[in-house]
Amino acid sequence: MASRDSRIARTLLEWFDAAARDLPWRPPGRAGRRDPYHTLVSEFMLQQTQAARVAERFPRFLARFPSLAHLARADEQDVLAEWSGLGYYARARNLHAAARAVADLPHARLPHDPDQLTALPGVGRYTAGAIASLAFNTPTPAVDGNVSRVILRLEAKDLPLAGPGTLAFAHGRATQLLATEPARASAGALNEALIELGATICTPRSPRCEACPLARECRARKLKAQARIPRAKPPARQKHLRADSVLIRDRAGRLLIERRPRTGLWAAMWQAPTLESPAGPDEPGPTARQLPRLLHLPGLNLGPRPVETFTHATTHRLVQFRIWTAAAPRDFAPGPGPAGDQPREWKKQDQIAMLAISNPQRRILLADRDSLFDR
Ligand code: ADE
């Protein structure tokens, strides 16, 4: 009789063969023989973003940077601009740096060995395993949150998803599955089947056990414990920030924008001149009179109140944006932004749309606000 692990591996591979979603980084080759550059790009995009969203953006990225050599030669601002809206921009910078590092290798090819892959910027153990297995069939695990959840449930292992020991446990079990006879020579497909199962069936809430190919093997299901495995962890504390953004328009209808500092949140991306400060019940934030001075915008008169406010959440921050408007006075000559190394430029909205900007700044800078400036 086949071992439990062999049964699990065979069932997963058969299921994936029949049920895999049609995603633009998957065809035409099966997992294990993918284009290595396509795999590098898709795995970077997928690091923090849902597959459906990546599916919309991946073809465009490849059209703009068709090969590793194209990406390595590209300007960082162009890579960031193409990444605009996907968030977590460090990924774009790391992807670009990784392409440059590979282009400098003797054969300018991505390594097959996960240890060599982890030497690249932004390539952790998961991404290294995904590239090595999906592109080259290297028998090495690719354990992300989806895979950890599947394995914790399969073994009824009552651990938190991100807790100590979970990754090691999931890695160990994935390695055992890869060593089975059915998975031999199909490492890429087995890893991607685990990812796919976690993304589509063995989901964090309300897993669809009735549709799961591994239902018969699943120990959490046997114990009716699938809802409490993995164990919930306390929610992360978000830092509360205020961001006062000033839309300044000149007589030619151009808007003043500045580049953000080179480090930190939304590093080096463009924005309307913006002041960040702590937010909270005891923090009223800067007034219309204070803002021009604090932002090094001498001579500017703001409207008395913000014209719009909205809240933008990132993983670690809750940012309360306030949008102010001002018409540029006749002899207005703004210098760089207060953080230094923050050049400022006048641009039309259609030029701004081509730059690297965050989603909240996109909302601030690209909305139709003509009526606000009518004088
Ligand atoms: N998430 C990470 N890698 C993926 C892949 N290859 N397919 C679907 N979702 C993924």
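# Pockets, a cavity and a ligand

Mentor: Let's start with the second largest pocket: helix H6 (90-103), strand E5 (308-313) and helix H15 (359-366) each supply at least two residues of its lining. Keep in mind that this is a predicted model.

Trainee: Which of these elements gives the most to that lining?

Mentor: H6 does, with four residues. The second largest pocket holds about 510 Å³ of space. It is lined by 23 residues, and those closest to its centre are Gly87, Tyr88, Tyr89, Trp266 and Thr314.

Trainee: What makes Gly87 a lining residue of the second largest pocket?

Mentor: A lining residue has an atom within 4 Å of a grid point of the pocket. Gly87 is listed in the lining of the second largest pocket, so it meets that cut-off. By class, this lining has nine nonpolar, 11 polar and three charged residues.

Trainee: Now the ligand, please. Where does it sit?

Mentor: It sits in the largest pocket, whose volume is about 1600 Å³. The lining there has 49 residues, and closest to the centre are Asp144, Gly145, Asn146, Arg149 and Leu161. Among the elements that give two or more residues to this lining are helix H3 (51-64), helix H9 (145-154) and helix H10 (166-178).

Trainee: How do you know that the ligand sits in this pocket?

Mentor: The test asks for more than half of the molecule's atoms to lie within 2 Å of the pocket's grid points. The ligand is assigned to the largest pocket, so it passes that test.

Trainee: Which residues are around the ligand?

Mentor: They are Arg21, Trp25, Arg26, Glu43, Leu46, Tyr126, Leu134, Glu192 and Ile195. Helix H2 (36-46), helix H8 (125-136) and helix H11 (187-200) each supply at least two residues of this shell.

Trainee: How many cavities of 30 Å³ or more does a search of the whole structure find?

Mentor: It finds one, and the largest cavity holds about 120 Å³ of space. Of its 14 lining residues, Arg153, Cys202, Cys212, Leu214 and Cys218 are closest to the centre. H9 gives the most to the lining, with three residues.

Trainee: Why is this one called a cavity rather than a pocket?

Mentor: It is called a cavity because a 1.4 Å probe fits there but cannot get out, whereas a pocket is an open set of points. The cavity lining divides into 11 nonpolar, one polar and two charged residues.

Conventions. Residues are numbered from 1 along each chain as its sequence is written. This is a predicted model: local features need pLDDT of at least 70, side-chain atom pairs count only at pLDDT 80 or more; totals for chains, interfaces and linings use all residues. Side-chain values use heavy atoms; hydrogens and water are left out. A residue is near a molecule or strand if one of its heavy atoms lies within 4 Å of it. On a 1 Å grid over the protein atoms alone, a cavity is a set of points where a 1.4 Å probe fits but cannot get out, and a pocket is an open set with protein on both sides within 12 Å along at least five of seven lines; lining residues have an atom within 4 Å of a point. Grid points are joined across faces, edges and corners, and a volume is the space filled by probe spheres set on the points. Ala, Val, Leu, Ile, Met, Phe, Trp, Tyr, Cys and Pro count as nonpolar, Asp, Glu, Lys and Arg as charged, and the others, Gly among them, as polar.
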